[in-house]
Amino acid sequence: MKPIRNDVIMKPSILVTGGAGYVGSHTVISLLEQQIDSEVDIVVVDNLSNAYKAEGHKKPEPIRVIEELTGKAIHFYNADIRNAAALGTIFENHNIDCVIHFAALKAVGESVQKPLEYYQANITGTCTLFDVMRKYGVYKLVYSSSCTVYGEPETLPLNESHPTGRGLTSPYGKSKYFCEEIMKDICRSDKRWTVISLRYFNPVGAHRSGRIGEDPAGIPNNLMPFIAQVAVGRLKELLVFGSDYPTADGTGVRDYIHVEDLAEGHVKAIKLFQQPGFGGFHAVNLGTGTGYSVLQMVEAFEEASGRRVPYRVVGRRDGDIAANYADVALAQRLLEWHATRTLRDMCVDTWRWQSTHPDGFKTT
(Lines give C-alpha, C1' and ligand atoms only; values in the text may rest on other atoms or scores of the structure.)
Protein backbone atom coordinates (compact mmCIF):
# COMPACT_ATOMS: atom_id res chain seq x y z
CA MET A 1 0.00 0.00 0.00
CA LYS A 2 1.30 3.46 -0.89
CA PRO A 3 2.11 5.65 2.12
CA ILE A 4 -0.33 8.51 2.65
CA ARG A 5 0.14 11.73 4.59
CA ASN A 6 -2.69 14.18 5.16
CA ASP A 7 -4.83 12.14 2.76
CA VAL A 8 -2.35 12.77 -0.10
CA ILE A 9 -0.48 9.90 -1.74
CA MET A 10 3.23 10.67 -1.51
CA LYS A 11 5.45 11.05 -4.56
CA PRO A 12 7.28 7.90 -5.69
CA SER A 13 10.85 7.69 -4.41
CA ILE A 14 14.09 6.01 -5.34
CA LEU A 15 15.88 4.62 -2.28
CA VAL A 16 19.69 4.70 -2.56
CA THR A 17 21.47 2.61 0.05
CA GLY A 18 25.04 3.73 0.69
CA GLY A 19 24.19 6.92 -1.15
CA ALA A 20 26.72 9.04 0.76
CA GLY A 21 29.61 6.90 -0.44
CA TYR A 22 31.77 7.38 -3.51
CA VAL A 23 29.77 5.72 -6.29
CA GLY A 24 26.48 6.23 -4.46
CA SER A 25 26.86 10.01 -4.18
CA HIS A 26 27.84 10.34 -7.84
CA THR A 27 24.78 8.32 -8.81
CA VAL A 28 22.53 10.50 -6.65
CA ILE A 29 23.75 13.68 -8.36
CA SER A 30 23.44 12.02 -11.77
CA LEU A 31 19.82 11.12 -11.03
CA LEU A 32 19.12 14.74 -10.07
CA GLU A 33 21.12 16.32 -12.91
CA GLN A 34 19.46 14.18 -15.55
CA GLN A 35 16.04 14.80 -13.99
CA ILE A 36 15.03 11.18 -14.30
CA ASP A 37 11.57 12.34 -13.21
CA SER A 38 10.67 15.63 -11.55
CA GLU A 39 7.97 13.78 -9.65
CA VAL A 40 10.43 11.35 -8.02
CA ASP A 41 12.09 11.94 -4.65
CA ILE A 42 15.59 10.69 -3.80
CA VAL A 43 15.97 9.00 -0.42
CA VAL A 44 19.44 8.08 0.87
CA VAL A 45 20.29 5.71 3.71
CA ASP A 46 23.91 5.38 4.87
CA ASN A 47 25.56 4.35 8.14
CA LEU A 48 28.47 6.76 7.43
CA SER A 49 31.11 4.05 7.84
CA ASN A 50 32.90 5.53 4.83
CA ALA A 51 31.37 9.00 4.53
CA TYR A 52 32.15 12.22 6.38
CA LYS A 53 29.59 14.32 8.25
CA ALA A 54 30.77 17.62 9.74
CA GLU A 55 29.90 18.37 13.34
CA GLY A 56 26.66 20.30 13.59
CA HIS A 57 25.42 19.24 10.14
CA LYS A 58 22.41 16.97 9.79
CA LYS A 59 23.57 15.46 6.50
CA PRO A 60 26.96 14.09 5.36
CA GLU A 61 29.10 16.37 3.23
CA PRO A 62 28.54 14.60 -0.13
CA ILE A 63 24.77 14.92 0.26
CA ARG A 64 24.98 18.51 1.47
CA VAL A 65 27.20 19.46 -1.51
CA ILE A 66 24.87 17.72 -3.96
CA GLU A 67 21.94 19.75 -2.62
CA GLU A 68 23.98 22.94 -3.13
CA LEU A 69 24.98 22.00 -6.69
CA THR A 70 21.51 20.91 -7.81
CA GLY A 71 19.26 23.09 -5.68
CA LYS A 72 17.23 19.99 -4.85
CA ALA A 73 16.49 18.41 -1.47
CA ILE A 74 17.50 14.86 -0.62
CA HIS A 75 15.93 12.85 2.18
CA PHE A 76 18.72 11.36 4.33
CA TYR A 77 18.68 8.68 7.03
CA ASN A 78 21.69 7.68 9.12
CA ALA A 79 21.02 3.96 9.48
CA ASP A 80 22.52 0.55 8.83
CA ILE A 81 20.74 -1.67 6.32
CA ARG A 82 21.07 -4.60 8.72
CA ASN A 83 18.60 -2.77 10.96
CA ALA A 84 15.23 -3.95 9.65
CA ALA A 85 13.28 -1.63 11.95
CA ALA A 86 15.18 1.42 10.69
CA LEU A 87 14.62 0.37 7.08
CA GLY A 88 10.93 -0.19 7.81
CA THR A 89 10.63 3.38 9.06
CA ILE A 90 12.05 4.64 5.76
CA PHE A 91 9.57 2.58 3.77
CA GLU A 92 6.76 3.82 6.00
CA ASN A 93 7.78 7.46 5.46
CA HIS A 94 8.26 7.30 1.69
CA ASN A 95 6.58 5.77 -1.32
CA ILE A 96 9.59 3.72 -2.44
CA ASP A 97 9.26 2.62 -6.06
CA CYS A 98 12.70 1.03 -6.57
CA VAL A 99 16.05 0.65 -4.82
CA ILE A 100 19.65 1.22 -5.91
CA HIS A 101 21.76 -0.84 -3.52
CA PHE A 102 25.36 0.33 -2.91
CA ALA A 103 25.69 -0.18 0.85
CA ALA A 104 28.57 -2.60 1.40
CA LEU A 105 32.16 -2.92 2.50
CA LYS A 106 34.32 -2.90 -0.62
CA ALA A 107 38.09 -3.31 -0.08
CA VAL A 108 39.44 -6.55 -1.56
CA GLY A 109 42.57 -6.67 0.62
CA GLU A 110 40.75 -5.74 3.81
CA SER A 111 38.15 -8.42 3.20
CA VAL A 112 40.87 -11.08 3.39
CA GLN A 113 41.72 -9.81 6.88
CA LYS A 114 38.11 -9.28 7.99
CA PRO A 115 35.95 -11.89 6.23
CA LEU A 116 33.23 -12.06 8.88
CA GLU A 117 32.69 -8.30 8.82
CA TYR A 118 32.35 -8.42 5.02
CA TYR A 119 29.88 -11.28 5.04
CA GLN A 120 27.80 -9.61 7.75
CA ALA A 121 27.65 -6.23 6.02
CA ASN A 122 27.35 -7.39 2.42
CA ILE A 123 25.27 -10.55 2.63
CA THR A 124 23.25 -10.11 5.83
CA GLY A 125 22.61 -6.47 4.93
CA THR A 126 21.39 -7.37 1.45
CA CYS A 127 19.08 -10.13 2.74
CA THR A 128 17.61 -7.76 5.32
CA LEU A 129 16.99 -5.17 2.62
CA PHE A 130 15.23 -7.72 0.40
CA ASP A 131 13.06 -8.85 3.30
CA VAL A 132 11.93 -5.28 4.02
CA MET A 133 11.37 -4.56 0.33
CA ARG A 134 9.14 -7.62 0.04
CA LYS A 135 7.18 -6.59 3.13
CA TYR A 136 6.39 -3.22 1.52
CA GLY A 137 5.74 -4.55 -1.97
CA VAL A 138 8.86 -3.12 -3.64
CA TYR A 139 10.33 -5.53 -6.19
CA LYS A 140 12.73 -3.51 -8.35
CA LEU A 141 16.42 -3.22 -7.51
CA VAL A 142 19.67 -2.14 -9.15
CA TYR A 143 22.57 -3.89 -7.45
CA SER A 144 26.14 -2.66 -7.08
CA SER A 145 28.07 -5.79 -8.01
CA SER A 146 31.67 -6.27 -9.11
CA CYS A 147 33.87 -7.86 -11.72
CA THR A 148 35.44 -9.80 -8.84
CA VAL A 149 32.58 -12.32 -9.20
CA TYR A 150 34.46 -13.68 -12.24
CA GLY A 151 37.49 -14.71 -10.14
CA GLU A 152 40.63 -15.52 -12.13
CA PRO A 153 39.66 -14.72 -15.73
CA GLU A 154 39.60 -17.75 -18.01
CA THR A 155 39.40 -15.48 -21.05
CA LEU A 156 39.69 -11.74 -21.67
CA PRO A 157 37.81 -9.52 -22.17
CA LEU A 158 35.29 -10.67 -19.60
CA ASN A 159 31.70 -10.91 -20.75
CA GLU A 160 28.61 -11.78 -18.76
CA SER A 161 28.62 -15.41 -19.90
CA HIS A 162 32.01 -15.96 -18.24
CA PRO A 163 31.61 -18.36 -15.29
CA THR A 164 31.21 -16.70 -11.90
CA GLY A 165 32.10 -18.07 -8.50
CA ARG A 166 35.16 -20.03 -9.65
CA GLY A 167 38.53 -19.37 -8.04
CA LEU A 168 37.31 -16.31 -6.17
CA THR A 169 40.28 -14.71 -4.46
CA SER A 170 38.67 -12.62 -1.71
CA PRO A 171 35.73 -12.61 0.70
CA TYR A 172 34.67 -9.35 -0.96
CA GLY A 173 34.31 -11.07 -4.32
CA LYS A 174 32.61 -14.04 -2.70
CA SER A 175 30.12 -11.77 -0.95
CA LYS A 176 29.13 -10.18 -4.27
CA TYR A 177 28.86 -13.60 -5.93
CA PHE A 178 26.76 -15.01 -3.07
CA CYS A 179 24.43 -12.00 -3.24
CA GLU A 180 23.97 -12.45 -6.98
CA GLU A 181 23.08 -16.11 -6.43
CA ILE A 182 20.54 -15.12 -3.77
CA MET A 183 19.03 -12.59 -6.17
CA LYS A 184 18.77 -15.17 -8.95
CA ASP A 185 16.93 -17.53 -6.61
CA ILE A 186 14.57 -14.78 -5.46
CA CYS A 187 13.76 -13.77 -9.04
CA ARG A 188 13.13 -17.41 -10.00
CA SER A 189 10.84 -17.95 -7.02
CA ASP A 190 8.74 -14.81 -7.48
CA LYS A 191 8.21 -13.27 -10.92
CA ARG A 192 7.40 -9.88 -9.43
CA TRP A 193 11.10 -9.28 -8.81
CA THR A 194 13.38 -7.46 -11.24
CA VAL A 195 17.09 -7.17 -10.37
CA ILE A 196 19.75 -5.53 -12.55
CA SER A 197 23.18 -6.42 -11.21
CA LEU A 198 25.79 -3.99 -12.51
CA ARG A 199 29.23 -5.58 -12.42
CA TYR A 200 31.62 -2.66 -12.02
CA PHE A 201 35.20 -2.74 -13.05
CA ASN A 202 37.30 0.00 -11.35
CA PRO A 203 35.58 3.35 -10.66
CA VAL A 204 37.89 6.36 -10.57
CA GLY A 205 37.64 10.12 -11.13
CA ALA A 206 35.39 12.71 -9.54
CA HIS A 207 32.47 14.97 -10.32
CA ARG A 208 33.41 17.63 -12.86
CA SER A 209 32.66 20.38 -10.32
CA GLY A 210 35.60 19.23 -8.24
CA ARG A 211 33.38 19.23 -5.15
CA ILE A 212 32.55 15.52 -4.91
CA GLY A 213 35.14 12.76 -5.07
CA GLU A 214 36.53 9.65 -3.45
CA ASP A 215 37.34 10.23 0.21
CA PRO A 216 38.41 6.94 1.77
CA ALA A 217 38.92 6.64 5.50
CA GLY A 218 42.55 5.87 6.39
CA ILE A 219 45.10 4.68 3.83
CA PRO A 220 43.30 4.10 0.51
CA ASN A 221 42.68 0.53 -0.61
CA ASN A 222 42.15 1.57 -4.23
CA LEU A 223 44.84 2.76 -6.62
CA MET A 224 43.60 6.16 -7.82
CA PRO A 225 42.96 7.81 -4.44
CA PHE A 226 46.31 6.40 -3.27
CA ILE A 227 48.05 8.05 -6.24
CA ALA A 228 46.15 11.31 -5.69
CA GLN A 229 47.02 11.49 -2.00
CA VAL A 230 50.70 10.97 -2.79
CA ALA A 231 50.56 13.68 -5.47
CA VAL A 232 48.97 16.16 -3.06
CA GLY A 233 51.53 15.38 -0.35
CA ARG A 234 49.17 13.65 2.06
CA LEU A 235 51.07 10.35 1.72
CA LYS A 236 54.81 9.89 1.17
CA GLU A 237 54.77 7.26 -1.56
CA LEU A 238 52.57 4.88 -3.49
CA LEU A 239 52.88 1.19 -2.69
CA VAL A 240 52.80 -0.94 -5.84
CA PHE A 241 51.65 -4.42 -4.88
CA GLY A 242 53.66 -6.73 -7.10
CA SER A 243 55.74 -6.21 -10.23
CA ASP A 244 55.99 -9.84 -11.37
CA TYR A 245 52.57 -10.37 -12.89
CA PRO A 246 52.40 -11.70 -16.47
CA THR A 247 51.63 -8.23 -17.87
CA ALA A 248 53.58 -5.83 -20.08
CA ASP A 249 55.35 -4.09 -17.17
CA GLY A 250 54.74 -6.67 -14.46
CA THR A 251 52.10 -4.65 -12.58
CA GLY A 252 48.41 -5.43 -12.35
CA VAL A 253 46.12 -4.40 -15.21
CA ARG A 254 42.58 -3.16 -14.60
CA ASP A 255 39.70 -1.61 -16.52
CA TYR A 256 39.25 1.87 -15.02
CA ILE A 257 35.96 3.66 -15.57
CA HIS A 258 35.09 7.27 -14.76
CA VAL A 259 32.65 7.39 -11.87
CA GLU A 260 30.35 9.78 -13.77
CA ASP A 261 30.09 7.26 -16.62
CA LEU A 262 29.34 4.59 -14.04
CA ALA A 263 26.68 6.75 -12.40
CA GLU A 264 25.00 7.33 -15.76
CA GLY A 265 24.85 3.57 -16.21
CA HIS A 266 22.66 3.38 -13.11
CA VAL A 267 20.29 6.00 -14.51
CA LYS A 268 19.99 3.92 -17.68
CA ALA A 269 19.30 0.81 -15.59
CA ILE A 270 16.49 2.54 -13.69
CA LYS A 271 14.81 3.39 -16.99
CA LEU A 272 14.66 -0.32 -17.89
CA PHE A 273 12.10 -0.81 -15.13
CA GLN A 274 9.69 1.21 -17.24
CA GLN A 275 9.77 -1.29 -20.12
CA PRO A 276 6.69 -3.53 -20.25
CA GLY A 277 7.51 -7.17 -19.64
CA PHE A 278 11.03 -6.53 -18.41
CA GLY A 279 11.75 -8.68 -15.36
CA GLY A 280 13.94 -11.29 -13.73
CA PHE A 281 17.66 -11.17 -13.01
CA HIS A 282 20.07 -9.42 -15.40
CA ALA A 283 23.84 -9.02 -14.96
CA VAL A 284 25.60 -6.28 -16.95
CA ASN A 285 29.27 -5.26 -17.07
CA LEU A 286 30.11 -1.57 -16.68
CA GLY A 287 33.63 -0.74 -17.84
CA THR A 288 35.49 0.76 -20.79
CA GLY A 289 36.86 -2.41 -22.34
CA THR A 290 40.46 -1.20 -21.99
CA GLY A 291 42.98 -2.22 -19.36
CA TYR A 292 45.75 -0.07 -17.89
CA SER A 293 48.60 -1.18 -15.64
CA VAL A 294 49.46 0.41 -12.30
CA LEU A 295 52.53 2.11 -13.78
CA GLN A 296 50.53 3.40 -16.75
CA MET A 297 48.08 4.96 -14.30
CA VAL A 298 50.94 6.60 -12.40
CA GLU A 299 52.35 8.05 -15.62
CA ALA A 300 48.94 9.34 -16.76
CA PHE A 301 48.30 10.97 -13.39
CA GLU A 302 51.71 12.64 -13.31
CA GLU A 303 51.03 14.11 -16.75
CA ALA A 304 47.56 15.35 -15.79
CA SER A 305 48.59 16.81 -12.43
CA GLY A 306 52.10 18.03 -13.14
CA ARG A 307 53.15 16.31 -9.92
CA ARG A 308 55.63 13.49 -9.40
CA VAL A 309 54.22 10.35 -7.78
CA PRO A 310 57.04 8.43 -6.03
CA TYR A 311 56.33 4.74 -5.60
CA ARG A 312 57.85 1.64 -4.03
CA VAL A 313 57.26 -1.91 -5.19
CA VAL A 314 56.25 -4.34 -2.43
CA GLY A 315 54.89 -7.88 -2.44
CA ARG A 316 51.65 -8.93 -4.03
CA ARG A 317 48.49 -8.24 -2.07
CA ASP A 318 46.24 -11.11 -1.04
CA GLY A 319 43.17 -11.35 -3.25
CA ASP A 320 44.61 -9.55 -6.29
CA ILE A 321 44.77 -10.99 -9.82
CA ALA A 322 47.00 -10.15 -12.78
CA ALA A 323 44.52 -8.54 -15.17
CA ASN A 324 40.91 -8.00 -16.02
CA TYR A 325 38.96 -5.81 -18.38
CA ALA A 326 35.42 -5.85 -19.67
CA ASP A 327 33.48 -6.79 -22.72
CA VAL A 328 30.83 -4.07 -22.67
CA ALA A 329 28.71 -5.11 -25.64
CA LEU A 330 25.71 -6.08 -23.48
CA ALA A 331 25.67 -2.68 -21.73
CA GLN A 332 25.61 -0.97 -25.11
CA ARG A 333 22.79 -3.20 -26.31
CA LEU A 334 20.61 -3.50 -23.20
CA LEU A 335 21.22 -0.18 -21.45
CA GLU A 336 22.08 1.85 -24.55
CA TRP A 337 25.10 3.00 -22.55
CA HIS A 338 28.84 3.25 -23.10
CA ALA A 339 31.66 5.05 -21.31
CA THR A 340 32.59 8.36 -22.94
CA ARG A 341 35.28 9.77 -20.62
CA THR A 342 38.97 9.12 -21.26
CA LEU A 343 41.84 8.13 -18.97
CA ARG A 344 42.97 11.74 -19.03
CA ASP A 345 39.48 12.85 -17.95
CA MET A 346 39.69 10.40 -15.04
CA CYS A 347 43.06 11.80 -13.92
CA VAL A 348 42.21 15.48 -14.45
CA ASP A 349 38.93 15.22 -12.54
CA THR A 350 40.56 13.26 -9.72
CA TRP A 351 43.29 15.91 -9.41
CA ARG A 352 40.76 18.76 -9.47
CA TRP A 353 39.00 17.14 -6.52
CA GLN A 354 42.12 16.14 -4.56
CA SER A 355 44.06 19.38 -5.12
CA THR A 356 41.16 21.47 -3.81
CA HIS A 357 40.31 18.95 -1.06
CA PRO A 358 43.68 17.67 0.19
CA ASP A 359 41.98 16.25 3.29
CA GLY A 360 38.88 15.13 1.45
CA PHE A 361 35.52 16.40 2.67
CA LYS A 362 37.17 17.56 5.88
CA THR A 363 38.88 20.34 3.92
CA THR A 364 37.35 23.69 4.86
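These are my notebook entries on a predicted model of one protein chain.

**Ground rules**

I worked from a predicted model, in which local features need pLDDT of at least 70 and side-chain atom pairs count only at pLDDT 80 or more, while totals for chains, interfaces and linings use all residues. Residues are numbered from 1 along each chain as its sequence is written, and side-chain values use heavy atoms, with hydrogens and water left out.

**Overall form**

I looked up the secondary structure and found 11 helices and 15 strands, where helices (H or I, at least four residues) and strands (E, at least two) are DSSP runs numbered from the N terminus. The radius of gyration is 20 Å, close to the 21 Å of the globule rule for 364 residues, so the chain is as compact as a globular protein of that length; the radius is taken over C-alpha atoms, and the rule is 2.2 Å times the number of residues to the power 0.38. Along the principal axes, the C-alpha atoms fill a box of roughly 65 × 45 × 40 Å.

I then checked burial, and 54% of the 364 residues count as buried, with buried meaning under 20% relative accessible area, exposed over 50% and partly exposed in between (1.4 Å probe, protein chains only). Among contacts with a separation of 6 or more, 81% join residues 24 or more positions apart, a contact being heavy atoms within 4.5 Å.

I compared helix lengths with the expected span, which is 1.5 Å times one less than the number of residues. Helix 1 (residues 22-33) has 12 residues that should span 16 Å, and its end C-alpha atoms are 17 Å apart, which agrees. This helix is mostly covered, with 11 of its 12 residues buried, including Tyr22, His26 and Leu32. Just after helix 1, I noted that glutamine 35 takes a positive phi of about 45°.

Helix 5 (residues 115-135) should span 30 Å with its 21 residues, and the end C-alpha atoms are 29 Å apart, which agrees. Its buried residues include Tyr118, Asn122, Phe130 and Met133, and just after the helix glycine 137 takes a positive phi of about 70°.

**Enclosed space**

Rolling a probe the size of a water molecule over the atoms shows where empty space is left. I used a 1 Å grid over the protein atoms alone, on which a cavity is a set of points where a 1.4 Å probe fits but cannot get out, and lining residues have an atom within 4 Å of a point. Grid points are joined across faces, edges and corners, and a volume is the space filled by probe spheres set on the points.

The count is two cavities of 30 Å³ or more. The largest holds about 100 Å³ of space, and of the 14 residues that line it, the closest to its centre are Ala20, Gly21, Tyr22, Asn50 and Asp215.

The second largest cavity has a volume of about 60 Å³, and its lining includes Tyr22, Glu214, Pro225 and Trp353. Helix 7 (223-231) and helix 11 (343-356) are the elements that give two or more residues to that lining.

**Backbone points**

Most residues other than glycine have a negative phi, and most peptide bonds are trans. Leucine 48 lies in the loop between strand 4 (41-46) and helix 2 (61-70) and, at 17% relative accessibility, counts as buried. Glutamate 336 also has a positive phi, near 55°; this residue sits in the loop between helix 10 (329-335) and helix 11 and counts as exposed at 61% relative accessibility.

The peptide bond from leucine 156 to proline 157 is cis, with omega near 0°, and proline 157 is in the loop between strand 7 (140-146) and helix 6 (171-189).

Terms used. On a 1 Å grid over the protein atoms alone, a cavity is a set of points where a 1.4 Å probe fits but cannot get out, and a pocket is an open set with protein on both sides within 12 Å along at least five of seven lines; lining residues have an atom within 4 Å of a point.
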